[in-house]
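Colleague: I would like to learn how to read a model of this kind, one feature at a time. Please show it first.

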Amino acid sequence: MGFRKDFLWGGATAANQCEGGYNEGGRGLANVDVVPIGPDRFPVITGQMKMFDFDDQHFYPAKVAIDMYHRYKEDIALFAEMGFKVYRLSIAWSRIFPKGDELEPNEEGLQYYEDLFKECQKYGIEPLVTITHFDCPMHLIKEYGASLLNTS
């Protein structure tokens with residue numbers, strides 16, 4: 001038994017796991033950026049340890065991630081080479097609204113996603129967008145007291 005002809009073969013990423021470029025294109029700092037790897041990861045995620053910015057004692061994988069922010073054309077070409085027809089991705093809230101409560105979106109952030117979508121279209125790959133993937137601008141957390149990550 002094989003897949004149906006209309007089966008959507010594809011891949012998925014989360015912005016915080018792949019984009020990098022945490023401080024480029026007008027992007028603001030997000031909660032997922034300041035989650036370190038190592039023994040303090042779980043305490044930060046659950047709110048037992050407060051971390052609102054980077055420090056020199058931890059490594060933060062989302063800062064650079066796989067650098068898709070700069071390499072999206074290569075990445076999409078690889079998706080096409082694998083025969084992907086759909087790409088599920090999340091949008092980094094802080095790339096569109098750096099602080100989270102602006103009235104106008106960050107045009108550089110919108111342009112990044114428009115360029116990424118055009119690259120998908122070039123290869124016949126349909127973007128399937130997840131609006132948020134656990135990310136929240138740090139400004140909202142500092143200003144309004146939101147938790148770092150939703151652990152429910």
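Modeller: Helices here are DSSP runs of H or I with at least four residues, strands are runs of E with at least two, and both are numbered from the N terminus. The model is predicted: local features need pLDDT of at least 70, side-chain atom pairs count only at pLDDT 80 or more, and totals for chains, interfaces and linings use all residues. Residues are numbered from 1 along each chain as its sequence is written, and side-chain values use heavy atoms, with hydrogens and water left out.

Colleague: Is aspartate 67 buried or exposed, and is phenylalanine 134 buried or exposed?

Modeller: Buried means under 20% relative accessible area, exposed over 50%, and partly exposed in between, with a 1.4 Å probe and protein chains only. Aspartate 67, with a relative accessible area of 18%, is therefore buried. Phenylalanine 134 counts as exposed because its relative accessibility is 51%. Of the 152 residues in the protein chain, 40% count as buried.

Colleague: What is the overall layout of the protein chain?

Modeller: There are six helices and three strands, in the order β-α-α-α-β-α-α-β-α along the sequence. The C-alpha trace spans about 50 × 40 × 30 Å along its principal axes.

Colleague: How do I tell whether helix 3 is straight or kinked?

Modeller: Compare its ends with the expected span, which is 1.5 Å times one less than the number of residues. Helix 3 (residues 68-81) has 14 residues, and a straight helix would reach 20 Å, but its end C-alpha atoms are only 17 Å apart. A kink of about 40° is centred on glutamate 74. The bend at a residue is the angle between axes fitted to the seven residues ending there and the seven starting there.

Colleague: Which residues of helix 3 are buried?

Modeller: The general idea is that an α-helix has 3.6 residues a turn, so residues three or four places apart point the same way. In helix 3, the buried residues are Met68, Tyr69, Tyr72, Asp75, Ile76 and Phe79. Their cover includes helix 1 (15-18), strand 2 (86-90), helix 4 (93-96) and helix 5 (107-122); contact means heavy atoms within 4.5 Å.

Colleague: Which residues touch the most other members of the largest nonpolar core?

Modeller: In soluble globular proteins, nonpolar side chains tend to be buried together. A nonpolar core is a set of buried Ala, Val, Leu, Ile, Met, Phe, Trp, Tyr and Cys residues joined through side-chain atoms within 4.5 Å. In the largest one, of 18 residues, Met68, Ile76, Tyr87, Tyr112, Tyr113 and Leu116 touch the most other members. Helix 1, helix 3, strand 2 and helix 5 each supply at least two residues of this core, and the largest share, five residues, comes from helix 3. Apart from it lies another core of ten residues, including Val44, Ile45, Cys136 and Leu140.

Colleague: How many aromatic pairs does a search of the whole structure find?

Modeller: A pair is described by the distance of the centres and the angle of the planes. Rings of Phe, Tyr and Trp (its six-membered ring) pair if their centres lie within 6.5 Å; planes under 30 degrees apart count as stacked, over 60 as edge-to-face and the rest as tilted. The search finds twelve pairs. Tyrosine 69 and tyrosine 112 have ring centres 4.9 Å apart and planes at 35°, so this pair is tilted. It links tyrosine 69 in helix 3 with tyrosine 112 in helix 5, 43 residues apart. Tyrosine 112 and tyrosine 113 also have ring centres 4.9 Å apart, but their planes are at 70°, so that pair is edge-to-face.

Colleague: Which charged residue lies over the face of tyrosine 112?

Modeller: A charge sits over a ring if NZ of Lys or CZ of Arg is within 6 Å of the ring centre and within 35 degrees of the ring normal. Arginine 95 lies over the face of tyrosine 112, at 5.3 Å from the ring centre. Likewise, the charged end of lysine 63 sits over the ring of phenylalanine 54, 4.3 Å from its centre.
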